[in-house]
Protein chains: 2
Amino acid sequence: MPLRFPEPTPETDHYPLTIGRMLDAALVIASDQEIVYRDQVRMTYRDLRVRIGRLASALTALGADQGTTVAVMDWDSHRYLECYYAIPMMGAVLQTVNVRMSTAQLEYSMRQSGAEILLCHRDFYPLAAAVLPSLPGIRAVIAIDDGVGDPLPPYAAGEYEALLEKADPDFPFVDFDENALATTFHTTGTTGDPKGVCFTHRQLVLLTLTAKGGFGTTGAIGLGCDDVYMPLTPMFHVHAWSMPYQATLLGLKQVYPGRYDPTLICRLRETEGVSYSHGVPTILQMVLTAAEATGTDLSGWTMTIGGSALTRALLLQAQQMGMLVHAGYGMSETGPSITVARRRPRIVESEEAAAESLTLAGVPLPLVTVRIVDEDMRQLPHDGVSRGELVVRAPWLTPCYMGNEAASAALWRGGWLHTQDVATIDAEGRVAIVDRLKDVIKTGGEWVSSLDLEDIVADVQGVAEVAVIGLPDARWGERPVALVVPRPGEQPTLESVNIRIEAAVASGVISRYARLDRLEIVAELPRTSVGKVDKKLLRATLAAAL
Amino acid sequence: MPLRFPEPTPETDHYPLTIGRMLDAALVIASDQEIVYRDQVRMTYRDLRVRIGRLASALTALGADQGTTVAVMDWDSHRYLECYYAIPMMGAVLQTVNVRMSTAQLEYSMRQSGAEILLCHRDFYPLAAAVLPSLPGIRAVIAIDDGVGDPLPPYAAGEYEALLEKADPDFPFVDFDENALATTFHTTGTTGDPKGVCFTHRQLVLLTLTAKGGFGTTGAIGLGCDDVYMPLTPMFHVHAWSMPYQATLLGLKQVYPGRYDPTLICRLRETEGVSYSHGVPTILQMVLTAAEATGTDLSGWTMTIGGSALTRALLLQAQQMGMLVHAGYGMSETGPSITVARRRPRIVESEEAAAESLTLAGVPLPLVTVRIVDEDMRQLPHDGVSRGELVVRAPWLTPCYMGNEAASAALWRGGWLHTQDVATIDAEGRVAIVDRLKDVIKTGGEWVSSLDLEDIVADVQGVAEVAVIGLPDARWGERPVALVVPRPGEQPTLESVNIRIEAAVASGVISRYARLDRLEIVAELPRTSVGKVDKKLLRATLAAAL
């Protein structure tokens, strides 16, 4: 028999999952709620709605329409929040530009996304001047003077506040297909051109709904209706993890810190009562240091940490200063939220166990299905031990890389998004990231983590730095090789290192296949542009010498 | 320009918002979590998944297919939870049968929904025997013996547990259109046939996601990851407010109490550690009484109250016994959750103010847009005073009444769902229900609440019972008339009543248009089948006598 469907009336509201609908609901409960930008701007949600209308009118006057890509280069600000809504609500596409990219990457990504309008903060005028000559597709630039009052650069069509002031607040927003593109941005790897990911209205609404309160409430983790929100993740970085959408949906007070300044961040925390933030470990470390210097009270401030692993040392340091800190996991391709770390519900964990729970990648959000699989996509057990590539399904994963069919097909091989991360999953769904797939050493049917091996070797007498890579081996598939930078005047040996590895094998910390056959002493390790050890180059160099 | 859309790969997972997807994710984090039925059954989520597969296989063997309607008559049980998943996951439609309807209403609703299979608990065998002869569309009945071991009724194709035991757990569930019907049930008014509402997979997933943690976290209201859930709303009543879906999504321990027995409920609360429930005021009252009798500790038990107004007296009584109680608002047509009461965030409320906040209808859930409108659909201000009909948009409202175009068109007039309730909304979005639209007295351009007037008149010396209705008036539109049942030996007068109303007018409690022109002394008030005063009959009778 066929499926049955309801028969709506001509007037039934079909409620598309578009970003504008999220704003409508928030305005009913929070019209007087505050949105703060540094010590410069205070406005209400009602003002936000007026300014969104004005921004859409101003962009339209500059030629923007449904389908137009509008690129933004700004720090975390109320303006960026306005762009998060106004641009997608017009049916246009918001391109959040990573201002840390090289000019070549900027050019590439803005050209690939088809950006026609650029909003540019004064701090990035030099960047804009460098790339605009080779971007003829950009027909208008809105300069963001940020209250300074300097003359505008020659290529600017106008200044943000001046354009808004003369624009009509009553922009005729209309409903449209929830599967339309809302945002796009580019992610940079170690090699090759940046890859453009993209997200639809439906996807961002579903991510916002799911992540809201999605951490559960144990240990007061996640945004609640009495929180004051301040991002410490750049808003060009994966929608600031969708948190500005969540905060607005819940009608929370929001505080935008502009360019990150540790002293100002500590002051905003105190004067505005900030209670929830999120950021990378480096930002947390910066905040802790500044708080110590300024005597800022951090107690009760919750912070979700992503981007790279939250170490136990940093967790404990933050806890000692009264913060509630926990890890999360995701990537540009996943919007980003996939898992969040939490204490185990209804179990009294020891301090040690709690620290582990809070520093793991965490448990999947609702609707997120995770699997670990071997190279043939066979599912591995959730026993906390088996290691496989983490693959994911969720309603908000990028459907493709823009204009890159081969990479898109690899990303979605077998109907699951491939994270390229190797993980374990335990019976309670806790995901632990073990290594990058390309760095894990596949030997004798086992996947040995290069990171685990590096941790062990780094502890050996005389080792200053170490990288472990896998090299092809006819019998074992791959075998691990350690490249060691010695401390001055010392010379660690294969034997001294293997003694330590044997001990780890004996205590069950690592597989017996982790024993090293080879150790190379090197003067330094090659690094990528973002400062990571370039294992790809190491593998290529050593494999060529085999 | 046209909208832009992503270009997914052939293998990109499109993630339809179907009910089965919610279950997949929960199984990763909660495979060992418990589901308990009375003191009879304990099983895990892993068992739940196996039994869902078996149930789908058993139903298929009895002729069920995509599009088949399967009706269920059961108490709150693990079986009902299995039906909540297995039936929609097959692409079939779950009809939750209100076992309190008359046999005529049962027949009507099962015929209209096209039910082909019936699952029937032993307590309802007599009901089934009464209606089956006039329902030839029902091709199979599964008897639920509930562990007693009696002979099955002659019309039964088999017993639930026996059928499951021999059925294949590996049912081949497939993805399908998220807009397919998932559930249907009938709502009874004071007159006319029951009306069938219906909900799609997409709608139930969106309601579940939004309501989950959607109350925010002030005062620990709403389901969190460390709660133990037990419904005290019948599962045939508007999906038990979607809470079983929420509890499963979050991987919580769930406790199903079967037929409501206050002593057993108190025992389950203690032995299973139940921390979150929901129900009508009558159930709460019943629990409080039983807890007092049995000495059950209720502290920390949260309960959401809906169905009818939560009085301040009941709230205080529950609070004194340690419970966290708050109101919610919705109706069959709205799935039902629309608003939930909470303490105002980031404000220190007095006890009095907190009691008001917790007993109002509450604030709209995320994505719910509410308006109050006059008879011409003009929007009225959110000033806490203006009264208008509450109209709603949300992604989970019934698209129509099944097979009733006229009622559907009235429900969705002007693109908003009409609740038929009169409400105020304040600047913080707090909704207060004032009256039913059909009962409010529209006089002199004001909407006077018949309930408010009745509260005032009920306090007058000599008044045992009172109903206030509006009658047509050439000059004022309508004028209020009070029908008073006097206390034995007393005779309240229009003058004595109006003195009290004047005082209320003077203190601003009620509009001056509330003054009565007429008071009728009656021996008793006519009532509907569910025990409410039949104001429709009163209006007709008195209008005919004008």
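Axes are lines fitted to C-alpha atoms, for helices over the stretch in contact, and angles run from 0 to 180 degrees between N-to-C directions; helices are DSSP runs (H or I, at least four residues) numbered from the N terminus. This is a predicted model, in which local features need pLDDT of at least 70 and side-chain atom pairs count only at pLDDT 80 or more, while totals for chains, interfaces and linings use all residues. Residues are numbered from 1 along each chain as its sequence is written, chains are lettered from A in the order in which they are written, and side-chain values use heavy atoms, leaving out hydrogens and water.

| Helix pair | Axes come within | Crossing angle |
|---|---|---|
| α1(A), residues 19–30, and α3(A), residues 78–89 | 8 Å | roughly 125° |
| α9(B), residues 262–272, and α10(B), residues 281–294 | 9 Å | roughly 75° |

Angles of 65 to 115 degrees count as roughly perpendicular, under 35 as roughly parallel, over 145 as roughly antiparallel and the rest as oblique. α9(B) and α10(B) are therefore roughly perpendicular to each other. Their contact (heavy atoms within 4.5 Å) is made by Pro262(B), Thr263(B), Ile265(B) and Cys266(B) of α9(B) with Met286(B), Val287(B), Ala290(B), Ala291(B) and Thr294(B) of α10(B).

Turning to the copies, chain B is superposed on chain A by a rotation of 180° with 0.0 Å of shift along its axis, at an RMSD of 0.1 Å, using least squares on the C-alpha atoms of residues with pLDDT of at least 70 in both. The two copies are thus related as by a two-fold rotation axis. Because 99% of the interface residues of chain B are also interface residues in chain A, the copies meet through the same surface.

Key: Helix = DSSP H or I, 4+ residues; strand = E, 2+ residues; numbered from the N terminus.
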